[in-house]
Amino acid sequence: MSSAPEQGAERAERGDRFERAPARPRTDGGARPPAVSGVNGHRRPEGRAPDGPAVRPGSSEPLGARYRVGADGVAGTNFALWAGGAEAVELCLFDDEPGTGPDGEPLREAETRLPLGELTHEIWHGFVPGVLPGRRYGYRVHGRWDPWTGARWNPAKLLLDPYARAIDGDFTLPPEVYGHVRDWPQQYVADTVRDDRDSAPYVPKGVVVADGDDWADDHRPKTPWADSVIYELHVRGFTMRHPGIPERLRGTYAGLAHPAAVDHLVRLGVTAVELLPVHHFAHEDHLLRRGLRNYWGYNSIGYFAPHAAYAATGTRGRQVGEFKRMVRALHAAGIEVILDVVYNHTAEGGELGPTLSLRGVDNRRYYRLQDDARRYADYTGCGNTLHVVQPNVLRLITDSLRYWVTEMGVDGFRFDLAAALARGMRSIDEPDMLSPFLAVIAQDPVLRRVKLIAEPWDVGSGGYQVGAFPPLWTEWNDRYRDAVRDFWRGALPDVRDLGYRLSGSSDLYAWGGRRPYASVNFITAHDGFTLRDLVSYEQKHNEANGEGNRDGTGDNRSWNCGAEGETDDPAVLALRRRQLRNLLTTLLLSTGVPMLVAGDEMGRTQGGNNNAYCQDNGTSWVDWSLLDDPGWRELAELSGRLLALRRAHPVLRSRSFFSGRPQGADGLRDLAWFTADGTEMSEADWYAPTATLGMFLSGRDIPRRGPGGEPVVDDSFLTVLHAGAGPVRFMLPGPPWASAYELLVNTALERQAVAPGIRRPAGAPVAVRPRSVLLLRAVPAVSPLPRPFP
């Protein structure tokens, strides 16, 4: 494919700043042109930079920039970069920010380029005396420009150190940061035309950071999986509108560490926060062009660096200390910190994306490429996929994970699109649960001890892997989400699937030593409707995203209760709040690990936007004023009450799957299911359409022991779920299940101020109002005749 005349003219008009890669034949009709050699006009650096400091050999370990004092007492920083296929590497040191000129363009920073002349096992390294913490830096990597073979080296582009522990600046993605000519007239070949303009004035820089504090005095909660309750939140969105957090701290790590934020988590009763991505990320070009920004953060570019925009104290390494103090504050309150991490792809996108870091270091070994090496294998829907089978990539990920555990203090990780990390060497390979990534995690003495959560799918062939991940791993269980949503909107054909989901999903996880806590149960997540929107909208309303409402899923399994969106109809509003109580109660009484989304407990809405990834505004931020409304405050109090019940009763957070078999001579089962007439479910009942299900959990013979080896005995509970539009009379099961029942929760009521001791004898009917849940404690001995139910 040769250059067109107009392309040559365009190149001449631009001052010969661009270079076109050699054409690669599209047929076998002729010999392939020779690959480009050398560095395409960029002289390979040699020797010492003029007036620059001398570079000592330094060490190839550890990777990244590490400040230290040498044996001779000289302080400085050791720089080490893996760049296997490179011809040369220059370390670039930058002085203070120069600001902008009168035209708004960034002024050129004072840059010192130092060749790294030492090469050990594909790692370029050197020690530079006098470089102290806070100094900004980047790399220029020299090599061939031949996109047809996947080679995309371009030393005109300043690259972030993949191991940078702090990043200063933000990505604005002007044309200069692209390794190719972004705006080349013929877009189908644009990625093959090299752009030789310097990107340094337009990109963030890495920051040298001193080694961290000793974590010996930090007391990690170490909450067992079975006792865990996860609260998914966004650092910025959770704190931006909180009236108790000082304005200067809102939207930051320091804001999340503030007592006003921590107190809400403690009162609610969650045991862990799962933070949406806090690795430093970039905003996509298509969002910036529309005046939007990436809010969720699933566009990572710095796997060791806390996202700088969430720092209140500054971005010259101070964000690292601020993040650590946040972790300590949460730990002191008994709350673990889990990071949502994105190791499946980076912010560099596909072949038309910017050159920010890995692409310019060694594109062919960091990314999965297709047979046509100019193109990227995309199992993520984001343009590229990291090539985790490559040793250097596997090391990057595991080094990052260990760093966040050992130096930043976090307690676990939720892996975005985890199936992509388990794929084999070839582009056609499907996820393999014996993959190098999973094998390395399983034997790592640090990582195998922390919480590991898989989002068990990607967008490639065979990518849906729910229930397939090995022991050590828990999984987001979307089958739980779908079954519960369908039941409460009246769309389940029968209750077989619901029974599995309520009792721990044994059909998915009862193998290989896995336990019920392998299932992370959720009804909503950051991606999709909020809980309130789930009962208020049947259609997505994503117009504010600027994509013509084409983005976001159309399969929401939602029901608007009779009116689309906001309404003043009191009957619709009452039904919606009841449905919210039903959904929360179902989630928090199910066996497995429940996950709540920040704000769902108080009725947060996104106005029907089910893909608010680019809405860094009131659409996505938690609206704390909702707690001033008595109705929403009651919902939050119900959530706290249910979590307190869960915390107090081990039968509600079982560590083993129920057997469903009699546990004694009286025939009492550890798990039993009942129809509305009080009889145990038969095989035919499971296949029959029904809107009512009773679940009995026995606390008499729990298969676990206390700290001293003593048996654990608990109360027994009956949960009645009724999704029908009319009331039903539910017959309370008699002996051996119970002699009476005490009402604890009735979601038909706005307020749950049920007087203690109100009982109903076994064998008697209880009226269950339309679309409601009853939670009853089983009483093993006959009690005086109770007052009637409310």
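This is a predicted model: local features need pLDDT of at least 70, side-chain atom pairs count only at pLDDT 80 or more; totals for chains, interfaces and linings use all residues.
**Exercise 1.** Work out the strand order of the six-stranded sheet and name its edge strands.

*Solution.* Step 1: write down the order. The six strands run β24-β25-β26-β31-β28-β29 in an open sheet, with antiparallel pairing.
Step 1: pick out the strands that pair on one side only. These edge strands are β24 (671-674) and β29 (759-761).
Step 2: look at one pair in detail. Four bridges join β24 to β25 (residues 692-697) in the antiparallel sense. W673 has M695 of β25 as its bridge partner.

**Exercise 2.** Determine which strands helices α14 and α15 touch where they pack on this sheet.

*Solution.* Step 1: take α14 (residues 570-589). Its contacts on the sheet are with β25, β26 (716-722) and β31 (772-779), and its direction makes about 40 degrees with that of β31.
Step 1: take α15 (residues 630-648). This helix touches β28 (740-746) and β31, and its direction makes about 140 degrees with that of β28.

**Exercise 3.** Compare the span of helix α8 with the expected value, and explain why α8 is described as largely enclosed.

*Solution.* Step 1: check the length. Helix α8 (residues 391-406) has 16 residues, and the distance from its first C-alpha to its last is 22 Å, close to the 22 Å expected at 1.5 Å a residue.
Step 1: check the burial. Twelve of the 16 residues of α8 are buried, so the rest of the structure largely encloses this helix. Among the buried residues are N392, D399, Y403 and W404.

**Exercise 4.** Describe the second largest pocket by its volume and its lining.

*Solution.* Step 1: state the volume, which is about 470 Å³.
Step 1: examine the lining. It consists of 18 residues, and Y500, S503, L671, W673 and W686 lie nearest the centre of the pocket.
Step 2: assign the lining to elements. At least two lining residues come from each of α11 (496-502), β24 and α16 (683-687).

Notes:
Residues are numbered from 1 along each chain as its sequence is written. Side-chain values use heavy atoms; hydrogens and water are left out. Two strands pair if DSSP finds at least two bridges between them. Contact means heavy atoms within 4.5 Å. Axes are lines fitted to C-alpha atoms, for helices over the stretch in contact, and angles run from 0 to 180 degrees between N-to-C directions. The expected span of a helix is 1.5 Å times one less than its number of residues. Buried means under 20% relative accessible area, exposed over 50%, partly exposed in between (1.4 Å probe, protein chains only). On a 1 Å grid over the protein atoms alone, a cavity is a set of points where a 1.4 Å probe fits but cannot get out, and a pocket is an open set with protein on both sides within 12 Å along at least five of seven lines; lining residues have an atom within 4 Å of a point. Grid points are joined across faces, edges and corners, and a volume is the space filled by probe spheres set on the points.
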